[in-house]
Amino acid sequence: MRTAPATARRGAAPPRPAPAAARPRAPRPPGGRRRGRPPPARRRRRPPAAPPAPAGARAPGTRPAAPAGRGSARRAAARLPWQLRDAWDRPLTAYYVILGASLLITVLGLVMVYSASMIQALRYGLPSTFYFRKQLLAVAIGGVLLLAAARMPVRLHRALAYPLLLGAVFLMVLVQVPGIGQTVNGNTNWISVGGPFQLQPSEFGKLALALWGADLLARKNARKLLTQWKHLLVPLVPVAVLLLGLIMLGGDMGTSMVLTAVLFGMLWLAGAPTRLFAAVLGAAGVLAALFVATSPNRMGRLHCIAATSPGAHDQCWQAVHGIYALASGGWFGTGLGASVEKWGELPEPHTDFIFAVTGEELGLAGTLSVLALFAALGYAGIRVAGRTEDPFVRFAAGGVTTWVTVQAVINIGAVLGLLPIAGVPLPLFSYGGSALLPTMYAIGLLICFARSEPAARAALAARGHTPLTGAVRRTMRRYARRRPSGER
C-alpha cells in the first residue's frame with residue numbers, strides 16, 4: 001500500500017514559499033511594465049508645511065475670531081464693527097443714506113414747523129396751520145425737483161449750469177430795483193411773486209455757484225490748466241465776488257458766509273496751493289471784518305456770543321431765550337407742542353431758531369437725532385465726492401456738501417451761543433420755501449451722483465430696477481396673488 005506524502009498528511013504544516021530570488025519572474029514586455037500587474041499609484045507631493053503662526057496672529061484676509069464668551073452677545077458684539085464696515089462699503093450705501101437722511105430731516109422739519117409756528121400764526125390773526133400749509137406746498141414742489149434732479153443724467157446738469165447762473169444774477173439784480181425788492185427784517189433780498197409768497201434769489205445763487213463752478217473747474221481740469229493759479233482763480237473768484245456783492249447790497253451777511261464757504265470748498269477740491277488758499281482766505285477774512293465793523297447791528301450780534309442775559313437794550317434777547325429753550329428741554333423734552341418759549345418769548349421760532357424749539361420739545365435726544373442725520377448726510381456727500389472719477393461730479397458734490405453742512409453748522413452754532421446770529425435757516429428743516437426748493441434740488445443732485453458711480457450702476461442694473469420701483473412691483477404681485485375665489 002502506498003502512503004501519502006508528508007505534505008498531504010493531516011495536521012502537517014504547509015510548505016514554505018521559495019525565496020524571492022528563487023521565484024521565476026514573468027518576462028517584461030519590451031515597452032513597459034510586467035503583464036498582469038496594475039500600474040503603480042503615483043504619489044502626490046505634499047506642499048511644505050507652513051511655519052507655525054505666532055500667538056495672536058491671523059491669516060491675511062480673514063476676520064479676527066470672536067472672543068471666547070459664555071453667550072452669543074459677545075460674539076455678536078465682536079462681529080458688529082465688521083458688519084457695519086461691510087454694510088458701509090456696499091455700492092448703494094451712499095444712495096440710501098442721502099435719500100433716507102434728507103427725507104427724515106424734511107419730515108421732522110414739517111412736524112416742528114407746525115408745532116413752532118402755530119402760536120406765531122394765531123398772533124397775526126391767521127389760521128394755526130398757515131405756515132405749515134405753505135411749507136407743505138414747498139415740500140411737494142421740492143420733492144418734484146428732487147426726483148427730477150435724481151433721474152436726470154449728469155450731462156444735463158452741466159448744461160443747466162450757465163442758464164441757472166444767469167437767472168440767479170438777473171433776479172439778484174432785480175432785487176435792488178426800487179419798488180421790486182422787498183425788505184424783511186432789515187435785509188432787502190426778497191421779491192414778491194404774488195399774495196403771501198416771496199422769493200429770495202440769493203438762495204438760488206448758492207446752487208448756481210456750485211453747478212457753474214463745478215462745470216468750469218471740470219473743463220479746465222480736462223485741459224490740465226488747474227496747475228496755474230490764474231486759471232484756478234479766474235473767472236471763478238470774480239463771479240463769486242459778483243454774487244457776494246449783490247447779496248451784501250441787501251445786507252444778508254449769513255448767506256454771504258455760506259456762499260464764501262462753497263467757494264473755498266471747491267478751491268480746496270481743485271487742489272489750490274496752500275499759499276494761494278491762505279491768501280484768498282485772508283482777503284475774505286479782512287473783508288468780513290470790515291463789513292462787521294461798519295455795521296452796529298452786526299457788532300451787536302457779535303457781542304451776543306455766549307451771552308447769559310438779554311443786555312441793556314435787549315439786544316441779546318433772541319440768543320438768550322434760545323439757550324433758555326434748550327435748557328428747559330432736559331433729556332427727552334417737554335413734549336411735542338408743549339414749548340413755552342414759542343409763546344412770544346423767542347423771536348423767529350419757526351425759521352432761524354427752530355432748533356431751539358426742537359430742543360425744548362424733544363429734548364437732548366431730539367437735537368442729537370437731528371445732528372446725527374446732518375452728519376450722516378454730510379459724510380455720504382463726502383463719500384460720493386471722494387469715490388467718483390468724474391471731475392464735475394467731484395466738484396459739484398463737494399460744493400453741495402459744503403453748502404449744506406456749513407449752513408447747518410452756522411444755524412446750530414448760533415442757537416447754541418457759539419457763533420453770532422447770521423439769519424440763515426437750518427437746511428431742509430426750517431420754514432421757508434425759497435431756501436427749501438434749491439436745497440432739495442441739490443439733494444437730488446447728490447442722489448444722481450451716488451447712482452452714477454460705476455459700482456452703484458452695476459448694482460442697480462443687476463436688480464433691473466430702482467429700490468422704489470422694486471417695492472411697488474413686489475406689492476402688486478402680492479395683491480395679484482390674492483384674487484377672490486370666484487374669479488377666473
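**Exercise 1. Classify W88 as buried, partly exposed or exposed, and list its contacts.**

Step 1. The relative accessibility of W88 is 24%. Buried means under 20% relative accessible area, exposed over 50%, and partly exposed in between (1.4 Å probe, protein chains only). W88 therefore counts as partly exposed.

Step 2. The model is predicted: local features need pLDDT of at least 70, side-chain atom pairs count only at pLDDT 80 or more, and totals for chains, interfaces and linings use all residues. Side-chain values use heavy atoms, without hydrogens and water, and residues are numbered from 1 along each chain as its sequence is written.

Step 3. W88 lies in helix α1 (residues 72-88). Helices (H or I, at least four residues) and strands (E, at least two) are DSSP runs, numbered from the N terminus.

Step 4. Contact means heavy atoms within 4.5 Å. Leaving aside neighbours within four places in sequence, W88 touches T93, V97, Y379, A380 and R383. W88 and A380 are 292 residues apart in sequence, while their C-alpha atoms are 9.9 Å apart.

**Exercise 2. Determine how α9 and α10 are oriented and which residues meet.**

Step 1. Axes are lines fitted to C-alpha atoms, for helices over the stretch in contact, and angles run from 0 to 180 degrees between N-to-C directions. For α9 (residues 253-269) and α10 (residues 274-293) the angle is about 175°, and the axes are 11 Å apart.

Step 2. Angles under 35 degrees count as roughly parallel, over 145 as roughly antiparallel, 65 to 115 as roughly perpendicular and the rest as oblique. The two helices, α9 and α10, are therefore roughly antiparallel.

Step 3. From α9, M253, T260, F264, L267 and W268 meet F277, V280, L281, A284, A288, F291 and V292 of α10. These contact residues comprise 11 nonpolar, 1 polar and no charged. Here Ala, Val, Leu, Ile, Met, Phe, Trp, Tyr, Cys and Pro count as nonpolar, Asp, Glu, Lys and Arg as charged, and the others, Gly among them, as polar.

**Exercise 3. Find the disulfide and give its handedness.**

Step 1. A disulfide is a pair of cysteine sulfur atoms within 2.5 Å. The whole structure holds 1 disulfide: C304 and C316, with sulfur atoms 2.1 Å apart.

Step 2. Both cysteines sit in the loop between α11 (296-303) and α12 (317-327), 12 residues apart.

Step 3. The torsion about the S-S bond of C304 and C316 is about -90°, so the disulfide is left-handed.

Step 4. C304 and C316 are buried.
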